[in-house]
Amino acid sequence: MRVFNFSAGPSTLPTEVIELAGQNIADYKGSGMSVMEMSHRSKWYDEINNECLALVRELMNVPDDYAIILVQGGASTQFEAVPLNLLKNGKADYIVTGNFAKKAFKEAGKYGDIKTVASSEDKKFTYIPRTTREDFRPDADYVHITENNTIFGTKFPALPDTHLPIVSDMSSCIMSEEIDVSKYGLIYAGAQKNLAPAGVTLVIVRKDLLGNEMPICPTMLKYRTQVDNNSLYNTPPCWAIYVMMLNLRRLKDMGGVKAIEEINRRKAKMLYDYIDSTPFYTNSVDKEYRSIMNVPFVAPTDELNAKFIKEAEAEGLVSLKGHKLVGGMRASIYNAMPVEGVEALIDFMKRFEKANS
Ligand SMILES: *Cc1c(COP(=O)(O)O)cnc(C)c1O
(Lines give C-alpha, C1' and ligand atoms only; values in the text may rest on other atoms or scores of the structure.)
Protein backbone atom coordinates (compact mmCIF):
# COMPACT_ATOMS: atom_id res chain seq x y z
CA MET A 1 0.00 0.00 0.00
CA ARG A 2 1.28 3.48 -0.87
CA VAL A 3 1.40 6.00 1.97
CA PHE A 4 0.91 9.75 1.77
CA ASN A 5 4.53 10.85 1.93
CA PHE A 6 5.06 14.44 3.07
CA SER A 7 8.87 14.25 2.85
CA ALA A 8 10.68 17.48 2.01
CA GLY A 9 13.02 15.63 -0.32
CA PRO A 10 13.51 13.20 -1.90
CA SER A 11 9.77 13.39 -2.17
CA THR A 12 6.73 11.60 -3.38
CA LEU A 13 6.36 11.00 -7.10
CA PRO A 14 3.07 10.27 -8.86
CA THR A 15 2.21 6.58 -8.47
CA GLU A 16 1.51 6.37 -12.21
CA VAL A 17 5.00 7.61 -12.96
CA ILE A 18 6.60 5.04 -10.65
CA GLU A 19 4.49 2.32 -12.26
CA LEU A 20 5.32 3.48 -15.77
CA ALA A 21 9.01 3.48 -14.88
CA GLY A 22 8.56 -0.09 -13.67
CA GLN A 23 6.89 -1.31 -16.86
CA ASN A 24 9.28 -3.15 -19.17
CA ILE A 25 11.95 -2.26 -16.68
CA ALA A 26 14.31 -5.00 -17.87
CA ASP A 27 13.73 -4.47 -21.60
CA TYR A 28 13.24 -0.87 -22.63
CA LYS A 29 11.61 -0.55 -26.06
CA GLY A 30 13.05 -3.84 -27.29
CA SER A 31 16.61 -2.81 -26.49
CA GLY A 32 17.00 -5.88 -24.29
CA MET A 33 18.31 -3.58 -21.57
CA SER A 34 17.05 -1.40 -18.78
CA VAL A 35 17.51 2.37 -19.01
CA MET A 36 19.70 1.81 -15.95
CA GLU A 37 22.12 -0.25 -18.01
CA MET A 38 22.32 1.32 -21.43
CA SER A 39 24.95 3.61 -22.88
CA HIS A 40 24.23 7.28 -22.56
CA ARG A 41 25.34 7.44 -26.22
CA SER A 42 22.62 5.01 -27.35
CA LYS A 43 19.74 6.12 -29.56
CA TRP A 44 17.27 5.21 -26.79
CA TYR A 45 18.93 7.39 -24.23
CA ASP A 46 19.42 10.20 -26.69
CA GLU A 47 15.66 10.29 -27.21
CA ILE A 48 15.02 10.35 -23.45
CA ASN A 49 17.50 13.19 -22.90
CA ASN A 50 16.13 15.27 -25.76
CA GLU A 51 12.52 14.74 -24.75
CA CYS A 52 13.27 15.68 -21.15
CA LEU A 53 15.00 18.92 -22.18
CA ALA A 54 12.23 19.74 -24.67
CA LEU A 55 9.55 19.18 -22.02
CA VAL A 56 11.30 21.56 -19.61
CA ARG A 57 11.40 24.19 -22.35
CA GLU A 58 7.76 23.69 -23.23
CA LEU A 59 6.34 23.41 -19.71
CA MET A 60 8.23 26.44 -18.38
CA ASN A 61 7.94 28.37 -21.63
CA VAL A 62 11.72 28.91 -21.64
CA PRO A 63 12.73 31.52 -24.25
CA ASP A 64 15.26 30.62 -26.98
CA ASP A 65 17.97 32.80 -25.50
CA TYR A 66 18.16 30.52 -22.47
CA ALA A 67 20.07 27.23 -22.31
CA ILE A 68 18.72 24.28 -20.34
CA ILE A 69 21.11 21.74 -18.87
CA LEU A 70 20.89 18.71 -16.61
CA VAL A 71 23.80 18.27 -14.22
CA GLN A 72 24.76 16.31 -11.11
CA GLY A 73 25.78 17.35 -7.62
CA GLY A 74 22.44 18.66 -6.39
CA ALA A 75 21.49 22.24 -5.70
CA SER A 76 24.37 22.38 -3.20
CA THR A 77 26.93 22.12 -5.99
CA GLN A 78 25.22 25.05 -7.68
CA PHE A 79 26.02 27.15 -4.61
CA GLU A 80 29.58 27.06 -5.99
CA ALA A 81 28.93 26.67 -9.71
CA VAL A 82 26.94 29.93 -9.78
CA PRO A 83 29.76 32.21 -8.55
CA LEU A 84 32.40 30.24 -10.48
CA ASN A 85 30.48 30.85 -13.71
CA LEU A 86 28.93 34.26 -13.21
CA LEU A 87 31.41 36.36 -11.26
CA LYS A 88 32.83 38.75 -13.83
CA ASN A 89 33.38 41.80 -11.62
CA GLY A 90 33.93 39.55 -8.62
CA LYS A 91 30.89 40.83 -6.70
CA ALA A 92 27.47 39.39 -5.98
CA ASP A 93 24.58 40.32 -3.69
CA TYR A 94 22.63 37.72 -1.71
CA ILE A 95 19.27 37.83 0.03
CA VAL A 96 19.47 35.41 2.92
CA THR A 97 16.09 33.88 3.75
CA GLY A 98 16.96 30.51 5.23
CA ASN A 99 19.47 27.77 5.77
CA PHE A 100 20.07 26.94 2.11
CA ALA A 101 20.44 30.65 1.32
CA LYS A 102 23.06 30.90 4.04
CA LYS A 103 24.93 27.96 2.62
CA ALA A 104 24.81 29.47 -0.87
CA PHE A 105 26.15 32.75 0.51
CA LYS A 106 28.94 30.99 2.37
CA GLU A 107 30.13 28.97 -0.62
CA ALA A 108 30.09 32.01 -2.90
CA GLY A 109 32.25 33.84 -0.38
CA LYS A 110 35.18 31.64 -1.39
CA TYR A 111 35.21 33.17 -4.85
CA GLY A 112 34.53 36.86 -4.53
CA ASP A 113 33.19 39.86 -2.66
CA ILE A 114 29.79 38.56 -1.63
CA LYS A 115 27.40 40.76 0.30
CA THR A 116 24.25 39.94 2.26
CA VAL A 117 22.00 42.79 1.19
CA ALA A 118 19.05 41.61 3.27
CA SER A 119 18.34 38.81 5.71
CA SER A 120 15.37 37.55 7.69
CA GLU A 121 17.47 35.73 10.26
CA ASP A 122 16.48 38.31 12.91
CA LYS A 123 13.02 36.72 13.03
CA LYS A 124 14.07 33.12 12.49
CA PHE A 125 13.46 33.32 8.75
CA THR A 126 9.68 33.67 9.12
CA TYR A 127 9.40 36.40 6.49
CA ILE A 128 10.99 37.66 3.26
CA PRO A 129 12.84 40.96 3.62
CA ARG A 130 11.88 43.82 1.32
CA THR A 131 14.54 45.34 -0.89
CA THR A 132 14.68 48.24 -3.30
CA ARG A 133 16.88 48.84 -6.33
CA GLU A 134 19.20 51.00 -4.26
CA ASP A 135 20.05 48.10 -1.96
CA PHE A 136 22.02 46.34 -4.66
CA ARG A 137 25.51 47.28 -5.74
CA PRO A 138 25.43 48.61 -9.30
CA ASP A 139 28.54 46.67 -10.25
CA ALA A 140 27.49 43.34 -8.72
CA ASP A 141 27.25 40.48 -11.20
CA TYR A 142 23.99 39.05 -9.91
CA VAL A 143 21.49 38.87 -7.06
CA HIS A 144 20.97 35.44 -5.52
CA ILE A 145 17.67 34.45 -3.94
CA THR A 146 16.23 31.22 -2.55
CA GLU A 147 12.75 31.56 -3.92
CA ASN A 148 11.03 28.99 -1.74
CA ASN A 149 12.53 28.24 1.66
CA THR A 150 11.96 24.55 2.19
CA ILE A 151 12.78 24.44 5.90
CA PHE A 152 11.00 27.60 7.03
CA GLY A 153 8.03 27.48 4.67
CA THR A 154 8.41 30.93 3.15
CA LYS A 155 8.33 32.09 -0.44
CA PHE A 156 9.16 35.33 -2.24
CA PRO A 157 5.80 36.95 -3.03
CA ALA A 158 7.48 38.75 -5.95
CA LEU A 159 10.96 38.98 -7.38
CA PRO A 160 13.19 41.75 -6.02
CA ASP A 161 13.24 44.92 -8.07
CA THR A 162 16.73 45.07 -9.52
CA HIS A 163 18.60 45.80 -12.73
CA LEU A 164 20.94 42.88 -11.96
CA PRO A 165 20.43 39.32 -13.25
CA ILE A 166 18.46 37.33 -10.69
CA VAL A 167 19.79 33.89 -9.81
CA SER A 168 17.14 31.79 -8.11
CA ASP A 169 17.38 28.52 -6.21
CA MET A 170 14.01 27.01 -7.10
CA SER A 171 14.70 23.51 -5.76
CA SER A 172 11.49 23.30 -3.77
CA CYS A 173 9.15 25.26 -6.05
CA ILE A 174 10.25 24.44 -9.60
CA MET A 175 7.20 23.96 -11.86
CA SER A 176 4.81 24.41 -8.94
CA GLU A 177 3.44 27.61 -10.42
CA GLU A 178 3.79 29.60 -13.61
CA ILE A 179 6.76 31.95 -13.76
CA ASP A 180 8.22 34.25 -16.38
CA VAL A 181 11.67 32.79 -17.06
CA SER A 182 12.72 35.97 -18.88
CA LYS A 183 12.79 37.79 -15.53
CA TYR A 184 15.66 35.57 -14.37
CA GLY A 185 19.33 35.32 -15.25
CA LEU A 186 19.63 31.78 -13.97
CA ILE A 187 17.39 29.22 -12.29
CA TYR A 188 18.61 26.05 -10.63
CA ALA A 189 16.82 23.25 -8.86
CA GLY A 190 17.74 19.91 -7.37
CA ALA A 191 15.13 17.71 -9.05
CA GLN A 192 14.29 15.44 -6.11
CA LYS A 193 11.47 17.62 -4.78
CA ASN A 194 9.16 18.39 -7.65
CA LEU A 195 10.60 16.72 -10.71
CA ALA A 196 12.43 13.43 -10.36
CA PRO A 197 14.27 10.99 -8.13
CA ALA A 198 17.49 12.34 -6.61
CA GLY A 199 20.56 12.61 -8.81
CA VAL A 200 19.72 15.26 -11.38
CA THR A 201 19.79 19.04 -11.11
CA LEU A 202 18.14 21.39 -13.56
CA VAL A 203 19.88 24.62 -14.61
CA ILE A 204 18.31 27.23 -16.90
CA VAL A 205 20.66 30.05 -17.82
CA ARG A 206 20.42 33.11 -20.06
CA LYS A 207 23.00 32.51 -22.75
CA ASP A 208 24.60 35.94 -22.60
CA LEU A 209 25.70 35.19 -19.03
CA LEU A 210 27.80 32.26 -20.21
CA GLY A 211 31.48 32.61 -20.98
CA ASN A 212 32.62 34.55 -17.92
CA GLU A 213 33.69 31.60 -15.81
CA MET A 214 36.62 32.09 -13.49
CA PRO A 215 39.85 30.42 -14.65
CA ILE A 216 39.72 28.08 -11.66
CA CYS A 217 36.20 26.88 -12.51
CA PRO A 218 36.33 23.07 -12.80
CA THR A 219 35.38 21.77 -16.24
CA MET A 220 32.52 19.81 -14.71
CA LEU A 221 31.04 22.90 -13.08
CA LYS A 222 31.41 25.10 -16.14
CA TYR A 223 27.92 25.53 -17.63
CA ARG A 224 29.37 25.79 -21.14
CA THR A 225 30.69 22.24 -20.83
CA GLN A 226 27.17 20.84 -20.63
CA VAL A 227 25.55 23.49 -22.86
CA ASP A 228 27.98 22.63 -25.68
CA ASN A 229 27.41 18.90 -25.19
CA ASN A 230 23.61 18.74 -24.83
CA SER A 231 24.14 17.70 -21.19
CA LEU A 232 26.08 14.63 -22.37
CA TYR A 233 29.66 15.70 -21.69
CA ASN A 234 30.06 12.82 -19.26
CA THR A 235 27.78 10.07 -17.97
CA PRO A 236 24.51 11.64 -16.81
CA PRO A 237 22.21 10.14 -14.14
CA CYS A 238 20.28 8.34 -16.89
CA TRP A 239 17.66 6.70 -14.72
CA ALA A 240 16.78 9.88 -12.81
CA ILE A 241 16.47 11.77 -16.09
CA TYR A 242 14.29 9.02 -17.54
CA VAL A 243 11.88 9.22 -14.60
CA MET A 244 11.95 13.02 -14.81
CA MET A 245 10.95 12.77 -18.47
CA LEU A 246 8.03 10.47 -17.57
CA ASN A 247 6.97 12.85 -14.81
CA LEU A 248 7.08 15.86 -17.13
CA ARG A 249 5.10 13.98 -19.78
CA ARG A 250 2.42 13.42 -17.18
CA LEU A 251 2.48 17.07 -16.13
CA LYS A 252 2.01 18.08 -19.76
CA ASP A 253 -0.89 15.62 -20.16
CA MET A 254 -2.65 17.03 -17.13
CA GLY A 255 -2.54 20.59 -18.49
CA GLY A 256 0.96 21.75 -17.60
CA VAL A 257 2.19 24.08 -14.90
CA LYS A 258 -0.95 26.21 -14.99
CA ALA A 259 -3.10 23.20 -14.11
CA ILE A 260 -0.83 21.99 -11.31
CA GLU A 261 -0.58 25.53 -9.90
CA GLU A 262 -4.35 25.60 -9.41
CA ILE A 263 -4.24 22.31 -7.56
CA ASN A 264 -1.23 23.40 -5.49
CA ARG A 265 -2.97 26.62 -4.43
CA ARG A 266 -6.07 24.68 -3.49
CA LYS A 267 -4.09 22.21 -1.36
CA ALA A 268 -2.15 24.96 0.43
CA LYS A 269 -5.27 27.01 1.07
CA MET A 270 -7.09 24.05 2.61
CA LEU A 271 -4.21 23.36 4.96
CA TYR A 272 -3.49 26.96 6.00
CA ASP A 273 -7.20 27.71 6.41
CA TYR A 274 -7.54 24.83 8.80
CA ILE A 275 -4.36 25.72 10.76
CA ASP A 276 -5.56 29.33 11.06
CA SER A 277 -9.00 28.24 12.18
CA THR A 278 -7.76 26.66 15.40
CA PRO A 279 -5.48 27.84 18.21
CA PHE A 280 -4.23 24.25 18.59
CA TYR A 281 -1.90 24.43 15.57
CA THR A 282 0.37 27.35 14.71
CA ASN A 283 2.24 28.37 11.59
CA SER A 284 4.37 31.39 12.40
CA VAL A 285 5.03 32.64 8.85
CA ASP A 286 3.58 36.02 7.90
CA LYS A 287 0.64 35.26 5.60
CA GLU A 288 1.94 37.04 2.52
CA TYR A 289 5.14 34.99 2.59
CA ARG A 290 3.70 31.54 3.06
CA SER A 291 5.01 28.78 0.84
CA ILE A 292 2.51 26.70 -1.08
CA MET A 293 4.95 23.76 -1.08
CA ASN A 294 6.24 23.43 2.50
CA VAL A 295 3.92 24.04 5.44
CA PRO A 296 5.52 23.95 8.89
CA PHE A 297 3.26 23.91 11.92
CA VAL A 298 3.40 23.08 15.62
CA ALA A 299 1.04 21.66 18.21
CA PRO A 300 0.99 23.24 21.72
CA THR A 301 3.86 21.17 23.21
CA ASP A 302 6.90 19.15 22.14
CA GLU A 303 5.26 16.03 23.57
CA LEU A 304 2.20 16.57 21.40
CA ASN A 305 4.39 17.18 18.35
CA ALA A 306 6.13 13.84 18.91
CA LYS A 307 2.82 12.10 19.49
CA PHE A 308 1.36 13.68 16.35
CA ILE A 309 4.21 12.46 14.17
CA LYS A 310 3.99 8.93 15.56
CA GLU A 311 0.23 8.59 15.31
CA ALA A 312 0.09 10.14 11.85
CA GLU A 313 2.65 7.63 10.66
CA ALA A 314 0.53 4.76 11.92
CA GLU A 315 -2.23 6.07 9.61
CA GLY A 316 0.01 6.19 6.56
CA LEU A 317 0.75 9.93 6.77
CA VAL A 318 4.54 9.82 6.84
CA SER A 319 7.62 12.06 7.00
CA LEU A 320 5.81 14.86 8.79
CA LYS A 321 8.63 15.62 11.23
CA GLY A 322 9.79 19.21 10.90
CA HIS A 323 13.39 20.14 10.18
CA LYS A 324 15.52 20.19 13.32
CA LEU A 325 16.00 23.96 12.99
CA VAL A 326 12.25 24.54 13.29
CA GLY A 327 10.88 21.53 15.17
CA GLY A 328 7.24 20.48 15.14
CA MET A 329 5.79 19.26 11.88
CA ARG A 330 6.25 20.10 8.24
CA ALA A 331 3.96 18.96 5.46
CA SER A 332 5.66 19.17 2.10
CA ILE A 333 2.86 19.21 -0.44
CA TYR A 334 4.73 19.17 -3.72
CA ASN A 335 3.20 18.68 -7.16
CA ALA A 336 2.88 14.92 -6.68
CA MET A 337 0.96 15.13 -3.39
CA PRO A 338 -2.67 14.52 -4.33
CA VAL A 339 -5.52 16.62 -2.90
CA GLU A 340 -6.66 13.45 -1.10
CA GLY A 341 -3.36 13.38 0.80
CA VAL A 342 -3.95 16.87 2.15
CA GLU A 343 -7.56 16.00 2.96
CA ALA A 344 -6.40 12.93 4.88
CA LEU A 345 -3.86 15.04 6.78
CA ILE A 346 -6.45 17.66 7.76
CA ASP A 347 -8.85 14.94 8.82
CA PHE A 348 -6.15 13.44 11.05
CA MET A 349 -5.24 16.88 12.43
CA LYS A 350 -8.86 17.46 13.42
CA ARG A 351 -9.14 14.14 15.20
CA PHE A 352 -5.79 14.62 16.93
CA GLU A 353 -6.80 18.06 18.14
CA LYS A 354 -10.08 16.72 19.52
CA ALA A 355 -8.36 13.87 21.34
CA ASN A 356 -5.63 16.04 22.84
CA SER A 357 -7.16 19.37 23.82
C1 LIG B 1 16.77 20.69 -0.93
C2 LIG B 1 17.27 22.03 -1.21
C3 LIG B 1 18.63 22.28 -1.47
C4 LIG B 1 19.67 21.20 -1.40
O5 LIG B 1 19.54 20.38 -2.50
P6 LIG B 1 20.57 19.20 -2.79
O7 LIG B 1 20.12 18.77 -4.14
O8 LIG B 1 20.38 18.18 -1.72
O9 LIG B 1 21.94 19.76 -2.77
C10 LIG B 1 19.00 23.57 -1.77
N11 LIG B 1 18.12 24.57 -1.82
C12 LIG B 1 16.81 24.37 -1.57
C13 LIG B 1 15.86 25.53 -1.63
C14 LIG B 1 16.36 23.11 -1.25
O15 LIG B 1 15.05 22.91 -1.00
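1. Helix α6 (residues 238-253) supplies four residues to the lining of the largest cavity, the largest share. Helices here are DSSP runs (H or I) of at least four residues, numbered from the N terminus. The model is a predicted one: local features need pLDDT of at least 70 and side-chain atom pairs count only at pLDDT 80 or more, while totals for chains, interfaces and linings use all residues. Residues are numbered from 1 along each chain as its sequence is written, and side-chain values use heavy atoms, without hydrogens and water.

2. The largest cavity has a volume of about 120 Å³. Among its 15 lining residues, Asn194, Asn247, Arg250, Asn335 and Ala336 are the closest to its centre. A cavity is a set of points on a 1 Å grid over the protein atoms alone where a 1.4 Å probe fits but cannot get out, and lining residues have an atom within 4 Å of a point. A volume is the space filled by probe spheres set on the points, which are joined across faces, edges and corners.

3. Because domain 1 (16-253) and domain 2 (257-356) both give residues to the lining, the largest cavity lies between them. The domain bounds come from an automatic or database domain assignment.

4. The second largest cavity holds about 60 Å³ of space. Its lining includes Leu70, Met220 and Pro237.

5. Asp273 lies in helix α7 (residues 256-277). Its side chain joins that of Lys269 in a polar contact of 2.5 Å (a pair of N or O atoms within 3.5 Å; within protein, one must be able to donate a hydrogen and the other to accept it, and residues adjacent in sequence count only if both atoms are side-chain atoms).

Notes: 1 Å grid on protein atoms, 1.4 Å probe; cavity = no way out; pocket = protein on both sides within 12 Å on 5 of 7 lines; lining within 4 Å. Helix = DSSP H or I, 4+ residues; strand = E, 2+ residues; numbered from the N terminus.
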